[in-house]
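Hi,

Here is the model I promised to pass on to you.

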Amino acid sequence: MKTPTTTTKEQQQQQPLLGKYILGRLLGRGTFAKVYHARSTAAAASEVAIKVIDKSKLPSAASARVLSEVSAMRALKNHPNIVNLREVMATKTKIYLVMDYVQGGDLHSTLIRKGGRLSEILARKYFAQLVTTLRFCHSLGVAHRDVKPQNLLLDRDGSLKVSDFGLSALGDILSLRTACGTPAYTAPEVLAMRGYDGARADAWSCGVILYVFIAGRLPFDDSNIGLMYRKIRRREFGFPGWFPPQARRVVLRLLDPNPETRIGLDAVAELAWLKRRASDVRCGGVGLGEEKAMMARVVMRRWETEEEVCGGGGVSGRGVGGEGGGGWG
């Protein structure tokens, strides 16, 4: 009598996924998704990261957000500072988003390894790359809405890569309404659940990130979410003594509770502090001085991507929610 055989989880991972990728170790997980390291079965055997979304655990309202995330990443494809979406695959039970694998880890982990904070030079480098990248996103009608160190990756050359567009909004980003994002990094007008400009909200998050880079702690932090929201609305925070004066002024202009008077990222890019080491601050091959050439190509890119860009937002397991509520990581 033939003895029945069983297939272990490890053996299943060694079988090519749809004949194209061998899944490896788990990189991260959320409510409805897991991200794995994987290798292509092609001759080059390139490394990729694959987000595996379980359809059975995905609320119907969140399905549209998967499409929104895919649309955002396709609209922003091949930018040197954005994690590239290579392809989307699906079965009856799973959705697979195949992305570039970024080896350097996230900036949150980098901060921990460096004792909690960065030097002014390194902070300025990463901040400049982030500003340039978000300006590009906004020019194509994409607001990220969950900008934080955990979603900023570093490649092997130390260049920044923006990731996780699960909470992004596409289309008319000037009049968004849904509260979403990670509370400590979220602008007060978003938390107030009234209409807001997605680009201005991303600018606020950049202010929080710059503060975290140099201070080594959050400007607004409280175990009581209600008290933290009040601190955000009133801009109640202080600077440690080592915080550079010019960087301090940049943070204050970004962390303006009034979005109408808050400095925008276009203006931030022109600040003397950010340009001080422009020759050393490269955005994956795109320097601040070369950014105008890239922006000139945005108009052409709109014609290629406008059919893929749709309204609405994505979701994130660590976020407050998305357009329409719900979340997955």
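Below is what I found, beginning with the ground rules.

This is a predicted model, in which local features need pLDDT of at least 70, side-chain atom pairs count only at pLDDT 80 or more, and totals for chains, interfaces and linings use all residues. Residues are numbered from 1 along each chain as its sequence is written, and side-chain values use heavy atoms, with hydrogens and water left out.

The sheet: 5 strands form an open antiparallel sheet in the order β1-β2-β3-β5-β4 (strands are DSSP runs of E, at least two residues, and helices runs of H or I, at least four, numbered from the N terminus; pairing takes at least two DSSP bridges between two strands). At its edges are β1 (21–29) and β4 (85–90), each pairing on one side only. β4 is joined to β5 (residues 94–100) by 5 bridges, and L85 stands opposite M99 in β5.

Helix α8 (residues 245–254): A247, V250, V251 and L254 are buried here (under 20% relative accessible area, 1.4 Å probe, protein chains only). The buried residues of α8 pack against α4 (120–139), α6 (198–215), α9 (265–268) and α10 (272–275), with contact meaning heavy atoms within 4.5 Å.

A polar atom of its side chain lies 2.8 Å from the backbone oxygen of D146. C137 is buried at 1%, and C180 is buried at 3%.

Happy browsing!

Technical notes
Polar contact = N/O pair within 3.5 Å; in protein donor to acceptor, adjacent residues only side chain to side chain. Buried < 20%, exposed > 50% of the residue type's maximum accessible area, 1.4 Å probe, protein only.
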